[in-house]
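Please examine the sequence and the three-dimensional model shown here before reading on.

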Amino acid sequence: MNVISIIFVLIAVIAIVMYNTLISKKNQVDNIFGGVDAVLKKRFDLIQNLVASVSQYMEHEKTTLEKITELRAQAMKPGITDDQKIVLDAKLTAALGSITVAMEAYPDLKANENVMHLQRSLNEAEEQISAARRAYNQAVTDLNNAIEMFPTNLMASYMKLQPKKVFEITVNERANVDVGALFNK
Amino acid sequence: MKSTSELTDFYYKELYPSLSELEKTRLHILSQFKWYGTMGAVAFIIMALWMGKSFGLFHPLMIGIVIGFIVLASITYRFMIQGYAKDFKAHIITPLIAAIDSHLLYNPDFMISQHLFSRSSLFQHDIDRYSGNDYVKGSIDGVALEFSDVHAEYQTRDSKGRTQWHTLFRGLFLVAEFNKHFKSHTVILPDLAEKTFGNLIGGWLQSQNSSRDSVIQLDDPEFEKKFVVYGNDPIEARYILTHSMMKRIVEFQKKISHPLFISFIHNHIHIAIATQKDLFEPSIFTSLLDYKQAMEYVNTLNNTIGLVEELKLNERLWSKS
């Protein structure tokens, strides 16, 4: 009888530990996504200012600038899912990268202190986003591992936890932007 | 900033008059020391023979005499080289630092404040004795920095009530302004646990360290192998430790053969290199004209001050100006 009760207590303790681990990992993901959201929002605000300041100079980049404004508007819509946000963010990063490259060709812009400050702030926001994405990916990987690995997978399926999607990180996001294709539309 | 070869040229060309003057002093001290050494050795042998005859060669008093002679020799040595070391710092190290950058100030007797050392959170033990020397302060490429030799110790008492001193850190300690804004604490320590116990147990041990913030797993395998990172904000830690920053830190660690400790606190980077010795203390047994010796001084200085460039602390891509 004693042995049975010890085994029962042991199983209960293991189950509680597994449950709490999974919950803390899930909360960590949500918590860090909050951080991602905050820096994304910061960038949206900067984008609005940047587009407003450069559009008068960059006549040829009108389509790209419009695309950026449109993407921004989509991403700001209430009620979009985390996954949609991730996709929109990737598109926005690519478009923004091409604008940064194109800005090199406008000496007037480079002489404009306001634009340069916006550019620096945008650089900062980009790095913060990149950091937030990496932190998010690590948290998601931790959670996904726990969801898929034995024995926590048993508890995870009971809790109906689903693996989450990670941000795709391309190391040379900026260098790989096909500027020609963007402008020849 | 000058390159190592330019500085080596400067060392041999511009500093030559001072070097040859110091070399004369060194040889003089050396011959004096040899003379005292011979006298001491003779005295020791006579005493040992006398002791051997009266009490036997392995009498406990013998140990006392040996220790007494060693202490006497080291005190004599220190006393003899005092003036030489002072001249060396005034006539060699001071102009060498000025040659690296005229914005740098050097004080051989001063040290970086204990407040900054404690602020770094790199070593968490209480400090009972704090000393140092060879303090350098100034700015490189607009980046404010200061560094010095530091020796931090703490004391314990054994069961018989005797005090024992332990070294917490001995080596070079540097603080520089960081080029990004941040509010969090991020501490990078050498990865001893994972090296000793492997990934699984070592990693678990690290996460159990309750005196530190939580462990932050980073996405650079080489960096992860060498260091463990503790921090209170996983996003900001990655904002500071970008992929390129992690690579630069790994490269720097490869260059130096001593344990490296880094923390990012209060918008500053704190770097501690546990060399376990004083940096610019000349020995009378090696000539200052010796190439290897000269390179050691030049390299230590250049690598330390060059950290600003090496870690790209002078990059102003962000809104912090």
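The model is a predicted one. Chain B contains ten helices and nine strands. Along the principal axes, its C-alpha atoms fill a box of roughly 75 × 55 × 30 Å. Chain B has 321 residues, of which 28% count as buried. Among the contacts in chain B that link residues at least 6 apart in sequence, 71% join residues at least 24 apart.

B:Gln293 belongs to helix α9 of chain B, which covers residues 291-305. Is this residue buried, exposed or partly exposed? B:Gln293 has 14 other C-beta atoms within 10 Å and is therefore partly exposed, since a residue is buried at 20 or more such atoms and exposed at 12 or fewer. When neighbours within four places in sequence are left aside, B:Gln293 is in contact with B:Thr286, B:Ser287 and B:Leu288. B:Lys226 lies 67 residues from B:Gln293 in sequence, and the two C-alpha atoms are 29 Å apart in space.

The contact between the chains draws 14 residues from chain A and ten residues from chain B. On the side of chain A that touches chain B, the elements giving two or more residues are α1 (2-54) and α5 (113-148) of chain A. The largest share of that side, twelve residues, comes from α5(A). Classified by residue type, the side of chain A that touches chain B comprises four nonpolar, six polar and four charged residues.

Conventions: Residues numbered from 1 in each chain as written. Chains lettered and ligands numbered in written order. Predicted model: local features only at pLDDT ≥ 70, side-chain atom pairs only at ≥ 80, totals over all residues. Contact = placed C-beta atoms within 7 Å. Helix = DSSP H or I, 4+ residues; strand = E, 2+ residues; numbered from the N terminus. Nonpolar A, V, L, I, M, F, W, Y, C, P; charged D, E, K, R; others polar.
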